[in-house]
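Hello,

Here is the structure we talked about. Please open it first, then read the notes below.

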Protein chains: 2
Amino acid sequence: MANIKLKEISTRAPKDWNKEETKENLASILAKLNELQNLLYAESQHAILVILQGMDASGKDGVVRKVFTSMNPQGVRVHSFKVPTAEEFSHDFLWRIHGVAPPKGIIQLFNRSHYEDVLVTRVHKLIDEKTVKKRMKAINDFEQLLQEHNNTRILKFYLHISPEEQQERLQERIHDPTKQWKYNERDFEEAKLWDDYMAAYEDCFEYCNDVPWTIVPADQNWYKEHVIAEALLKTLQKLDMQYPGLKKG
Amino acid sequence: MANIKLKEISTRAPKDWNKEETKENLASILAKLNELQNLLYAESQHAILVILQGMDASGKDGVVRKVFTSMNPQGVRVHSFKVPTAEEFSHDFLWRIHGVAPPKGIIQLFNRSHYEDVLVTRVHKLIDEKTVKKRMKAINDFEQLLQEHNNTRILKFYLHISPEEQQERLQERIHDPTKQWKYNERDFEEAKLWDDYMAAYEDCFEYCNDVPWTIVPADQNWYKEHVIAEALLKTLQKLDMQYPGLKKG
């Protein structure tokens, strides 16, 4: 994904895409996902890691609710990464990530991830550019470790919204009583750094693409959910799993 | 450390080395270590990881007792790696290692380590040679992560004993009532695989030497303890640490 320019990529579904059909299709995808997740758990030969990144209000929580809620929670885990604690901060930046990496049989969803350590920290100049490069190398090595040494399939999604859509959603948080709990004054300050964040994301897509990124047009929730659910389904289908037979004992 | 042959390296102290002087010297090294460990803890800018590897009865527990017991246990941690549990086994091989990597301010001792995953597993052909190479690459990446992203200094020691010395010590475990708890019938079986283990270690020294190994002649405990304590002291002295001043509040 060399020299990608997020500005040139649409944040909306393709024009001829049918919303109602897509919603129906999603329901059938989720049913299949449910079955395959059960098989993944029973077989316990592969791990799945889904990484969700995106600006504030890009709809990460919505993906968790709409795509992952339908699966058996025994085999699905969600971890939201916040500002590091003092203990986490006294370790290398991948320590807290590795601790919650998925064991075999599990689908693990990261709501934000180790990429924050080359995004928010970089935009606010808490780390220098040399450290950014070193961290990106370490991230590539780490993702390779999970893939090669624990049969982990990693899916990385960037929820791509327009700055206008973001402003609208942030405003909505102020006025919608069911969304006010999400309101954070600081989000408007962060939004002003939009171009810096886009540049930092573009670098992630270029330098940390050994495990490829998917840029998901995310202004419309129904389209975003469909793209992610379908990608997950295809990944699980490719694993060619089988229910284990009776153990001899 | 290309093409090292363990057979060609002495397992004993240099001939003119004075035992009594060395023991006195060790006491003074341990006193200095105690001070510097306190400073490391107070400053909390660096982490220290000491990796101990060696055949059964090579004296790893003795190093823990003689070199590390004199330091403040608040800042010194020891982790002995055993056969992986079912939970550990459902993750990549470095997951359990990363979990106990040292935070800043701490000296962490690994009694055995991630190297077992390219030693015992390799000798018993539980993994193929392609996996060995991949794991060695992952180990190098991982050690680099700890070094570059958490200011960790890593010291790797191989306790080098002769097969004759090993047999003597294993026999002693049968006859000495204070050592019988360490006796394990299986150790004699493992000892028969001596040459395979040496070849596997030699490959570690060659392919995982970005963080360099120290081969410690270990037939005599007094010499072994001195080598390790001195190496640790030099590492701490080089950090050029300072007690933090009063925090402004």
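A cavity is a set of points on a 1 Å grid over the protein atoms alone where a 1.4 Å probe fits but cannot get out, and its lining residues have an atom within 4 Å of a point. Grid points are joined across faces, edges and corners, and a volume is the space filled by probe spheres set on the points.

This is a predicted model, where local features need pLDDT of at least 70, side-chain atom pairs count only at pLDDT 80 or more, and totals for chains, interfaces and linings use all residues. Residues are numbered from 1 along each chain as its sequence is written, chains are lettered from A in the order in which they are written, and side-chain values use heavy atoms, with hydrogens and water left out.

**The two chains**

Chain A is superposed on chain B by a rotation of 180° with 0.0 Å of shift along its axis, and the RMSD is 0.0 Å. That is the relation of a two-fold axis. Contact here means heavy atoms within 4.5 Å.

**The cavities**

The whole structure holds 2 cavities of 30 Å³ or more. The largest share, 7 residues, comes from α6(B). Helices are DSSP runs (H or I, at least four residues), numbered from the N terminus.

The second largest cavity has about 50 Å³ of space. D141(A), Q144(A), L145(A), E148(A), H149(A), K134(B), K137(B), A138(B) and D141(B) line it. Here α6(A) gives the largest share, 5 residues.

**A helix pair in chain B**

Helix α1 (residues 19-43) and helix α10 (residues 221-238) of chain B have axes that come within 9 Å and cross at roughly 35°. Axes are lines fitted to C-alpha atoms over the stretch in contact, and angles run from 0 to 180 degrees between N-to-C directions. Among the residues that meet are L26(B), I29(B) and L33(B) in α1(B), and W222(B), A229(B) and L233(B) in α10(B).

Best wishes

Terms used:
Copies are superposed by least squares on the C-alpha atoms of residues with pLDDT of at least 70 in both. On a 1 Å grid over the protein atoms alone, a cavity is a set of points where a 1.4 Å probe fits but cannot get out, and a pocket is an open set with protein on both sides within 12 Å along at least five of seven lines; lining residues have an atom within 4 Å of a point. Helices (H or I, at least four residues) and strands (E, at least two) are DSSP runs, numbered from the N terminus.
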